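Here's a quick briefing for anyone opening this structure for the first time. Have a look at it, then read on.

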Amino acid sequence: MPRPSLTKIILDLVEPDTHHRAVRSSDPISVIGLGTIVVDHQVVLSEFPPSDTKCDIESDQYQVGGPVPTALCLLVRLGARATFHGRWAEDHFGEIIEADLLQNNINFDPHPHSPDGRTGFAHVWLEKDTGCRTVAAFRGSHPIAPETVVPYHFTKHDALHLDGWSGPAAITAAKAMRAADKPVYMDLGSPKPDLERLLENVSCLNCPARLIEQLFETKDLKKGARKLLAMGPAEITITSGQRGASLFTENGNFSHPGFTVEAVDTNGAGDVFAGALVFASLNQLPPQEKLSFACAAGALKCQNLGNRDSLPFLEEIQELAGLTHA
């Protein structure tokens with residue numbers, strides 16, 4: 001019997017069918033995210049200028065960025081519910097963040113205002129002809145405090161998504177979820193303090209290939225994955241940009257080549273890949289199809305500018321990934 005399509009699974013979440021995945025109720029899957037959030041000033045250039053020179057800006061826009069918020073926005077677009085636990089200040093950038101989360105149907109948990117400090121922001125330079133980006137970021141002057149992590153506010157959700165920032169708070173939230181037998185996903189872009197304590201509470205870890213060399217001084221992805229698996233996660237995915245991604249578990253490994261698309265904006269592609277991976281995992285796709293789904297989502301995002309309008313829909317991802325079933 002052929003396995004149902006993702007569209008069918010989403011319908012099952014609204015109208016449960018006992019012949020397919022068990023669900024808690026008629027509610028869609030619910031994911032809570034904890035991490036950094038910033039306002040990007042995205043600037044499009046014809047090409048990156050050499051150091052100590054000037055160039056003209058072709059276009060620019062302000063947008064909300066951060067690995068976890070972007071992943072949550074994708075999850076909402078795919079039919080899930082999302083809540084974000086983060087911090088920002090009572091300033092203009094903070095107003096932009098609130099408006100973005102409200103517009104994208106992402107709840108705040110708890111109300112995150114900080115009367116002092118500064119909201120995080122980033123300068124994102126985008127090269128028009130290649131879609132490559134260069135980022136300089138200030139992540140905000142106030143990390144998330146562990147005491148704001150109320151276990152019940154987290155464990156009422158189906159899963160937790162982290163980026164590794166605000167380590168003590170992330171560890172507190174991850175421990176609460178694991179104690180409640182709920183999965184914890186993490187999109188790790190750079191080395192973090194207390195990494196071992198973080199990873200021992202993470203179910204599934206996603207990271208770029210460059211991080212393997214940073215952490216372990218090796219370009220051997222299999223060797224790096226084995227080291228990460230030994231630290232606690234049951235599953236590791238490693239992305240290699242347009243070359244695709246690999247997935248590793250104790251029982252084997254899988255790989256998927258990158259999809260060929262005309263890249264306009266690669267900024268946020270990894271965030272979208274990670275969000276799609278969470279969605280595919282919660283819908284119990286097998287490893288190879290999970291990789292295909294996430295690679296397709298990341299590739300589709302690159303075809304358009306921005307972190308929101310460029311997010312793909314479920315049917316688009318299924319079609320590119322070849323996961324439509326009768």
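This is a predicted model: local features need pLDDT of at least 70, side-chain atom pairs count only at pLDDT 80 or more; totals for chains, interfaces and linings use all residues.

Residues are numbered from 1 along each chain as its sequence is written, and side-chain values use heavy atoms, with hydrogens and water left out.

**Strand β13**
- Strands here are DSSP runs of E with at least two residues, and helices are runs of H or I with at least four, numbered from the N terminus.
- Buried means under 20% relative accessible area, exposed over 50%, and partly exposed in between (1.4 Å probe, protein chains only).
- Glu235, Thr237 and Thr239 point one way from β13, while Ile236 and Ile238 point the other way.

**Its neighbours**
- Two strands pair if DSSP finds at least two bridges between them.
- On the parallel side, β12 (residues 204-208) is joined to β13 by 5 bridges, and cysteine 207 has isoleucine 238 as its bridge partner.
- β14 (residues 245-249) runs antiparallel to β13, with 4 bridges joining them; here isoleucine 236 partners phenylalanine 248.
- β13 and β14 make a hairpin with 5 residues between them, and glycine 241 in the turn has a positive phi of about 60°.

**Helix α8**
- Helix α8 covers residues 221-230 and includes arginine 226.
- Arginine 226 counts as exposed because its relative accessibility is 53%.
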